[in-house]
Structure formats: C-alpha cells, structure tokens
Amino acid sequence: MATTADKTLPASRPLTAMGVAAPLLGWLFPGLGHLAQKRWLRGFLLMLSITAMFALGILMQGKIYTANTGDILDILGFIGDLGAGGLYLISRTQDWGHGAINLATADYGTKAIIIAGLLNIISAVDAHHIAIGKKP
C-alpha cells in the first residue's frame, strides 16, 4: 500500500536566463518570447492574432483603461489592458482609446483590447514554460 510519503515531488527546474527573458519579451510584444526560442510558427501566429485583436479593438473605438480609477471593474479592465505590454504602452503614448463609449461597437472594442491583453499574458507564461522545459 502506497502512502503519501512514497510519492515524490517533481524535480524542480533550474531558472535560466531564457526562463526569465522569454516571458518578459513575450509580455513586451506578443510572440516575441516564442521567437527568441526559435518557435517561429507559434511566435508569428501569436504576434499576428494578439496584435490584430488589439488593433481591431482600437479601430472599433474601444476604451483603454488607466490606473487608479477607484472602480473595481475599471481596475480589472486596466489589468487586462496592461497585459498587452508594449501594445498598451504605445496606445497610452499615442492617446488612443481615451474617449467615452458612444457606439455599440466601442464596447466590443473594449472587450477585444482586454482579451488581447489576457491572451498575451497566457502567451508569456507559455513562453516561460517552454524555456524552463516544462512544455515541449
């Protein structure tokens, strides 16, 4: 009969320079963490899809959230937007997405921007897992 003491924990993986750089590069620009690891197809597909979703959200006049608004939903929207990394920083410096939502499509655009940011976070975590050998 096996006890819990017989179960071994998986071996910890050492943290490498690529293990740190890949998620940071992936957050900075979608797909860049994968491209740095020579995962060309996955990197370019992530770059294309996340950047296109973010750009379409901007073109639909979606709102870009800022920090410190006080409303919990705005804070969550800000976290989602911030996940887009460099795309978020560019949009803030260019003053895109600051208007009030006046069109029905603007609400969809706001959601597309947030989803692009959240997908970019997932992409950066995936790049980290590949870099440390947790995922082939």
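Biologist: How many salt bridges does the structure hold?

Modeller: There are three salt bridges in this predicted structure.

Biologist: Why is the pair Asp-126 and Arg-42 called a salt bridge?

Modeller: The closest N and O atoms of Asp-126 and Arg-42 are 3.1 Å apart. The cut-off is within 4 Å for a side-chain nitrogen of Lys or Arg and a carboxyl oxygen of Asp or Glu, so the pair qualifies.

Biologist: What makes this a link between distant parts of the chain?

Modeller: Asp-126 sits in helix H6 (residues 104-131) and Arg-42 in helix H3 (residues 40-59), with the two 84 residues apart.

Biologist: Is Asp-126 buried or exposed, and how do you know?

Modeller: Asp-126 has a relative accessible area of 15%. Buried means under 20%, so Asp-126 counts as buried.

Biologist: Which salt bridge does Lys-135 form?

Modeller: Lys-135 pairs with Asp-126, and their closest N and O atoms are 2.5 Å apart. That is within 4 Å, so this pair is a salt bridge as well. Lys-135 is partly exposed, with a relative accessible area of 33%.

Biologist: What makes a network here?

Modeller: Asp-126 forms a salt bridge with Arg-42 and Lys-135 forms one with Asp-126, and in this way Arg-42, Asp-126 and Lys-135 are linked in a network.

Biologist: And what about Lys-111 and Asp-107, why are they called a salt bridge?

Modeller: Their closest N and O atoms are 2.9 Å apart, and because the limit is 4 Å, Lys-111 and Asp-107 meet it. Both residues lie in helix H6, four residues apart, about one turn of the helix.

Biologist: Why are Lys-111 and Asp-107 called partly exposed?

Modeller: Lys-111 has a relative accessible area of 40% and Asp-107 has 34%.

Biologist: Now to another helix. Which residues are buried in helix H5 (residues 86-93), and what covers them?

Modeller: Gly-86, Leu-87, Tyr-88 and Ser-91 are buried in H5. Their cover includes helix H1 (17-28), H3 and helix H4 (72-82). Just after H5, Asp-95 takes a positive phi of about 60°.

Conventions. Residues are numbered from 1 along each chain as its sequence is written. This is a predicted model: local features need pLDDT of at least 70, side-chain atom pairs count only at pLDDT 80 or more; totals for chains, interfaces and linings use all residues. Side-chain values use heavy atoms; hydrogens and water are left out. Buried means under 20% relative accessible area, exposed over 50%, partly exposed in between (1.4 Å probe, protein chains only). Contact means heavy atoms within 4.5 Å.
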